[in-house]
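Thanks for coming, everyone. Let me put the structure up, and then we can walk through it.

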Amino acid sequence: MSGNDLGDLLRAHRARIRPEDAGVPTYGPRRVAGLRREEVAVLAGMSSDYYARLEQGRERNPSAQVLEAVSAVLRLDDDTREHLYRLAGAVPEDARRRDAVETVAPELRQLLDGYPSTPAFVLNPALDILAANALAGALFSPFARADNLARMVFLDPAARSFYARWERAARMTAASLRHAAGLDPHHPGLVSLVAELTGGSADFADLWRSHTVRGKTGEAKEFVHPDVGALSLVYQSFDVRGARGQQLVIYHAEPGSRSAQALALLGTSDATRRAEV
């Protein structure tokens with residue numbers, strides 16, 4: 001790390017653009033690979049001095065217009081363009097407007113089914129369960145509708161007995177929604193869900209007013225399932241590449257523990273029930 005990652009990125013990508021591909025005439029041998037600084041500046045519609053300051057790390061707050069112009073000249077792909085914005089402490093306008101993806105890719109659904117011995121499911125920012133494997137369905141079977149974690153926690157009576165520490169689960173759920181609202185305040189499902197929960201649960205309304213913020217990480221979850229009893233599961237969550245707003249959540253039990261045995265029993269019982277249907 002040089003301490004000037006923005007300048008390093010610009011230089012690296014400037015070196016990859018052939019002058020003839022950018023419509024820049026060349027005469028004789030060139031001492032640098034790719035485009036010269038002044039050529040990038042001309043193509044981007046800015047002064048050579050300004051672009052030099054940008055590459056040298058002396059210009060710390062380039063505008064979105066400057067970043068867009070440079071991205072176009074250097075032919076940055078979407079990932080690199082967003083990385084350039086982050087290095088400059090900005091966010092592309094289209095990234096702010098981009099809608100969260102609400103459909104789960106077939107490949108991800110196949111991956112969920114590849115975890116037969118552990119509950120796995122996909123959430124959107126509003127905590128809707130977009131897809132789940134069979135064991136996740138069995139885990140959440142006490143709920144009338146296992147379609148949204150927040151609605152399940154605050155509006156389904158089964159939650160009070162399903163979550164061993166309901167108050168803690170409620171706090172964490174509200175804090176997770178508050179975190180999601182900060183990242184995507186205009187998500188239509190999130191806006192309507194908060195209105196529904198505020199009107200339907202005084203507990204949620206109180207927690208929402210506290211403005212506690214916390215994203216999903218990985219920690220122990222304590223459940224009491226009517227079929228197998230107490231379950232202590234650790235979860236991990238992962239952002240889904242290529243599907244903005246989606247998270248893959250995987251629960252697992254300590255190998256050899258009573259919870260692992262109970263989870264295996266739950267899976268076996270569920271498989272038996274489904275085979276009998």
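Which residues in helix 2 meet helix 4, and which do they meet there? From helix 2 we have V40, L43 and A44, and from helix 4 we have A69, V70 and V73. Keep in mind that this is a predicted model.

Now the geometry of that pair. Helix 2 covers residues 37–44 and helix 4 covers residues 64–73. The packing angle is about 115°, and the axes sit 9 Å apart. The crossing of helix 2 past helix 4 is right-handed. By class, six nonpolar residues make the contact of helix 2 with helix 4, with no polar and no charged ones.

Next pair: helix 12, residues 188–200, and helix 13, residues 202–209. Here the angle is about 120° and the axes are 5 Å apart. Roughly perpendicular stops at 115 degrees, so helix 12 counts as oblique to helix 13. On the helix 12 side, the contact uses V194, L197, T198 and G200. Helix 13 answers with A202, F204, A205 and W208. By class, that contact of helix 12 with helix 13 has six nonpolar residues, two polar and no charged.

On to the cores. In soluble globular proteins, nonpolar side chains tend to be buried together. The largest nonpolar core in this model has 44 residues. Six of its members touch the most others: F121, L139, F140, Y163, L177 and Y251. Helix 11, residues 166–183, contributes the most to this core, with seven residues.

Take F140 from that list. Beyond its neighbours within four places in sequence, F140 contacts F121, I129, A146, L149, M152, F162 and Y251. There is also a second, separate core of 22 residues, and its members include V24, V40, L76 and L84.

Is H13 buried or exposed? Its relative accessibility is 15%, and the buried cut-off is under 20%, so H13 counts as buried. H13 lies in helix 1, residues 5–14. Not counting residues up to four places away in sequence, H13 touches L74, L76 and T80. L76 is one of the second core's members.

Then R30, in the loop between helix 1 and helix 2. R30 has 22% relative accessibility, so it counts as partly exposed. Neighbours within four places aside, R30 contacts P19, L35, R36 and E39.

Definitions and conventions. Residues numbered from 1 in each chain as written. Predicted model: local features only at pLDDT ≥ 70, side-chain atom pairs only at ≥ 80, totals over all residues. Heavy atoms only, no water. Core = buried A, V, L, I, M, F, W, Y, C linked by side-chain atoms within 4.5 Å. Buried < 20%, exposed > 50% of the residue type's maximum accessible area, 1.4 Å probe, protein only. Helix = DSSP H or I, 4+ residues; strand = E, 2+ residues; numbered from the N terminus. Contact = heavy atoms within 4.5 Å. Axes fitted to C-alpha atoms, helices over the stretch in contact; angles between N-to-C directions. Left-handed = near helix turned anticlockwise from the far one by under 90°. Nonpolar A, V, L, I, M, F, W, Y, C, P; charged D, E, K, R; others polar. Parallel < 35°, antiparallel > 145°, perpendicular 65-115°, else oblique.
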